[in-house]
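Subject: Structure handover

Hello,

Here is the structure for your files. My notes on it follow below.

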Amino acid sequence: NYAGHGTKEQQGRRAGCGRSVRPDDCTATCPGKLSRVLTTITLRNVGTAAIVVGLLIALLTLGTTTDRPFTLAWLLVLVGTGLRLEAAIRAPKRQER
């Protein structure tokens, strides 16, 4: 998608690491792309951990009469789901050949 200002080459330089002309030429060795991939992986892992811990808290506290553990579990699951969604949005798009 080359919507916006400038030519395709100028947008490629801004989108990638600056070493390539087109965004497709930028490899995983580019610092910008590598940090984006690591951020996505970290968000996905932290989100998964939050969901698992939230569900585990809910499961272990089923016999209690207070709602406090369930509130914490609900918040953890909600935050984990949000982090997973953020990771899905930030994930680099795969190119089909």
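Contact here means heavy atoms within 4.5 Å. This is a predicted model, in which local features need pLDDT of at least 70 and side-chain atom pairs count only at pLDDT 80 or more, while totals for chains, interfaces and linings use all residues. Residues are numbered from 1 along each chain as its sequence is written, and side-chain values use heavy atoms, with hydrogens and water left out.

Confidence: pLDDT is the predictor's confidence in each residue, from 0 to 100. The protein chain has a mean of 77, with 65% of its residues at 70 or more. Helix H1 (residues 8-15) has the lowest confidence, at a mean of 51, and H3 the highest, at 93; helices are DSSP runs of H or I, at least four residues, numbered from the N terminus. Over residues 1-5 pLDDT stays under 50, and the model has seven contacts for them beyond four places in sequence. Where pLDDT is low, the predicted coordinates should not be read in detail.

Thr 40: this residue is in helix H2 (residues 31-60). Thr 40 counts as buried because its relative accessible area is 4%, under the 20% limit (1.4 Å probe, protein chains only). A polar atom of its side chain lies 2.8 Å from the backbone oxygen of Arg 36. Beyond neighbours within four places in sequence, Thr 40 is in contact with Ala 87, Arg 90, Ala 91 and Pro 92.

Leu 62: the loop between H2 and helix H3 (68-90) holds this residue. Leu 62 is exposed because its relative accessibility is 58%, and exposed means over 50%.

Regards

Notes. Helices (H or I, at least four residues) and strands (E, at least two) are DSSP runs, numbered from the N terminus. A polar contact is a pair of N or O atoms within 3.5 Å; within protein, one must be able to donate a hydrogen and the other to accept it, and residues adjacent in sequence count only if both atoms are side-chain atoms.
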